[in-house]
Amino acid sequence: MAPSSSTSPSPSPIIRVDGLSKTYRVATKDPGLAGTLRHFLQRRYKDVAAVRDVSFQIQPGEMVGFLGPNGAGKTTTLKMLTGLIHPSAGKALVAGYTPHRRQANFLRRITLVMGQKQQLLWDLPALDSLRVNAAVYGIDEAESRHRIHDLAEMLDLGAELKRPLRKLSLGQRMKTELLAALLHRPEVLFLDEPTLGLDVNAQARVRSFLADYNQRFGATVLLTSHYMADITALCPRVLLIHEGRLFHDGSLDALTQRLAPCREVRLELAAPWPLEALRTYGEVESCEGVVVHLLIRRDALTAAISRLLAELPVRDLEVRDPPIEELIGSLFVQGTLS
Amino acid sequence: MRNTAFSSRAVSSRALRSPKVRPLQSLQHGWRVARALFASQYALMLEYRAEIVLWALAGMVPFIMLAIWIESPAGAALGMGPTQLARYFLAAFVVRQFTVAWVMTVFEEDALQGRLSPMLLQPLHPFWRYLASHVAEQATRLPFVALIATLFFLVLPWAFWLPSPQRALLTLAATFLAFVLNFLIQCTMACMCFWSDRVNALERLIYIPILFLSGTAAPLEAFPPALRRLAEATPFPLLVNFPAQLLSGGEVQIAAGFTALAIWITGLFLLMTLLWRIGVKRYGAMGA
C-alpha cells in the first residue's frame, strides 16, 4: 500500500530520503546438536530486509514522529540517516550531506540520542565528558560554559552535572545525555526512544525541553517513541513504518482516520433497548443495560446520530476516536497493515 | 512553522559546508582535544587505582624469566653475566609497562555493546580516544614502575646502573615508537572486528609470539640463529628487545632499529587506515 502524504514538497527539505533500503545478512541455525554442528561446519545465511524502499522529506524545523512496532525498521532508518550504517539501496541526504560518508561537517550538524545508550563516561561527572565534547566540536570554553548553563537550566539540571554519572537516577542521566548530545547545537536531532523507562514526570520534562529546544533553535526533530504521549505532544506529523515499509506519512489525525474508519459512540439510554433495534444504527460493540457502545462508519456518523437522537430515549451521547496506540497496536498484532 | 534559525536560509550542501580550517587553528584544536581527552581519561584511571596496581604487577614476567635464567646453567650460554641479565630484564619490565596496548579487547566490547556508535557520531576517530586512554594509563603506572624499580635495586644492589643521557633519550624515543607500533598492531587487528564478532581471539593468537619473539622471555641474543632471523623478520623484537637493550646498555644496532620501527609503523598505519575504510562500511551498529 502506498503511503498517504499530507505534505507538499518544498524546495529545501533538510532530510531527503529516496527509496532507502537496508538488507542484513543473518546467519541461521537449526536447534539441537545436529543444527549446532551443521552451523559450525557450513554456515547458512538469510537476507533480512529491515527497511524497504522508504521515501520521505522533512523540512527544516519540523518535528516528526516515527512510529512502528519493534523490528519495524525505525532504528535501522535512523542509523542510516545518521551515517552509522550504509544503505543497501536508495539515497539519503541530511543537511546537504550523504550521511554514510560521515564527514566532520555533517557530524557537527546532527545528533542521535538513544534512550538506553550512553555516550557519557559512567564513572565521571558529566562535566568532564562535556569538556571533551566541547573540545571535539571546537566550541570555545566561554561559549561551552554558556551553553551548558543554558541547557542545564532548560533541563532543570544543576549539581547533578558534578556527580559521577553512575550516581544519577535514570531520568537525570537521560537529561544529562540530552545536554551532551545538544551541546554542539545540532540542526537535526534523531531521537530514538528518548523517554524510555522514565517516570511520567521525567517524560513530561523531556517532552517540554524538546519542544522548547525546537522553538528556540529551530532544530529539526525525528523522534521514535513507544509512548504515544510523546508523539501527540510534539509531532504534528507522523511517519508509520511496518515491516520496513512506510505505511503513512501525514498528520496523526489522518492516521487515525485511516486506521479507524469507524468512530465510537457511547450512549446512555433512559431504558434498555432491544439489541436488534440497536444494530440498525451501527455495529454494537457492547451493551450493558442502558449503556451502549456503537461503532459507526465516519461517513454515516451524522445521519446515524440524528436518527439516534430522534428515535431513542438518549440521556447522554459521546463520540470519540479509539486511542491511537490501541489502533496501531491491534493492527500490528493482526498484521493487517500489508 | 516553528523554525526560527534555520528555515530562513536555503539548506544546500554548499551553504552548510564550513570554510577550510587553517593549519595553526587545526593544531590548536588538536592540542585542545588531546588535553581534554587526556584529562578525562586520567581522571577515569585514577578511579581504578587498585586495578592499575594489579595490571602493573601482572607485567612481572621479565622478573620471573630473570629468576629462571640467573639460576640456570643455561644462563651462561646467553653470553651475558648476571649483572647484564638483571639489567636487561628490569629494562624489559619497564619498557613493557609503557608499550602495552589493549585496543582489541575494548574495541570488541565497544562494538558489540553499542558503545562504538556514539563515538562514530562525533567528528573524532574513535582510536584517538583509545590512544588517550593508553597514555593516561601509562601516566598512572609511572609511580608504580618507579617503586618496583627501586625495590629491585634494593634487592639486587649490584645491578644498579644509570644510563647515559644519550641512551636515556634514545630509550624514550624507542619506547614511545614501540608503543605506537604495538598500538597500531592492535588497531589493525581490531579493524577485523568489522568482519568477525570475536576479534579478541586474534589477541590470544599473537600473545605467544609476542611473549617469546619480543624479548620478554629472553633477550634475542639467546635465540638460535635461525629463530633469531625469524624473530627479526617480525615487528615483535622492536616492542621490547630493542628499547630494553638500549636502556640496559646492551649492544644494539640503533639506526637499524629506528629504521625498522619507522617502516613497520608506516606500513601498519596505511594497512590500518585501509582496513578501517573498508571495514566501517560493514558496521552494523549492533546493540545500538
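**Ground rules.** The model is predicted, and I kept in mind that local features need pLDDT of at least 70 and that side-chain atom pairs count only at pLDDT 80 or more, whereas totals for chains, interfaces and linings use all residues. Residues are numbered from 1 along each chain as its sequence is written, and chains are lettered from A and ligands numbered from 1 in the order in which they are written.

**Overall layout.** I looked up the division of chain A first, and found domain 1 at 4-257 and domain 2 at 261-320, with bounds that come from an automatic or database domain assignment. The C-alpha centres of these two domains of chain A lie 44 Å apart, and the C-alpha trace of the chain spans about 75 × 60 × 50 Å along its principal axes. I noted twelve helices and 14 strands in chain A, taken as DSSP runs (H or I of at least four residues for helices, E of at least two for strands) and numbered from the N terminus.

**Burial and contacts.** Of the 338 residues in chain A, 39% are buried, a residue being buried if 20 or more other C-beta atoms lie within 10 Å of its own, exposed if 12 or fewer, and partly exposed in between, with C-beta atoms placed from the backbone. Among the contacts in chain A with a separation of 6 or more, 71% join residues 24 or more positions apart; a contact here means that the C-beta atoms, placed from the backbone, lie within 7 Å.

**Strand 9.** I then turned to strand 9 (residues 237-242) of chain A, where six of the six residues are buried. A:R237, A:L239 and A:I241 point one way from this strand, while A:V238, A:L240 and A:H242 point the other way. I recalled that side chains in a regular strand alternate between the two faces of the sheet. Strand 4 (residues 63-67) of chain A runs parallel to strand 9 and is joined to it by four bridges, where pairing requires that DSSP finds at least two bridges between the strands; A:F66 has A:L239 as its bridge partner. Strand 10 (residues 245-251) of chain A runs antiparallel to strand 9, with six bridges between them, and A:L240 stands opposite A:H248. In the hairpin of strands 9 and 10 of chain A, two residues lie between the strands, and A:E243 takes a positive phi near 50 degrees.

**The sheet 3-2-5.** I found an open, antiparallel sheet of three strands in chain A, in the order 3-2-5. Strand 3 (44-58) and strand 5 (89-94) of chain A each have a single partner strand, so one side of each has no neighbour in the sheet. The twist averages 30 degrees from one strand to the next, with axes fitted as lines to C-alpha atoms (for helices over the stretch in contact) and angles running from 0 to 180 degrees between N-to-C directions. Strand 2 (residues 15-28) of chain A is joined to strand 5 by five bridges, and A:D18 stands opposite A:K91. Helix 2 (residues 74-81) of chain A packs on this sheet and touches strands 2, 3 and 5, its direction making about 115 degrees with that of strand 2.

**The sheet 12-13-11-14.** Last, I looked up an open sheet of four strands in chain A, ordered 12-13-11-14 with antiparallel pairing. Strand 12 (283-288) and strand 14 (314-320) of chain A stand at its edges with a single partner strand each, so one side of each is left without a neighbour in the sheet. Strand 11 (residues 262-269) and strand 13 (residues 291-297) of chain A pair over seven bridges, and A:L267 stands opposite A:V292.

Conventions. Two residues are in contact if their C-beta atoms, placed from the backbone, lie within 7 Å.
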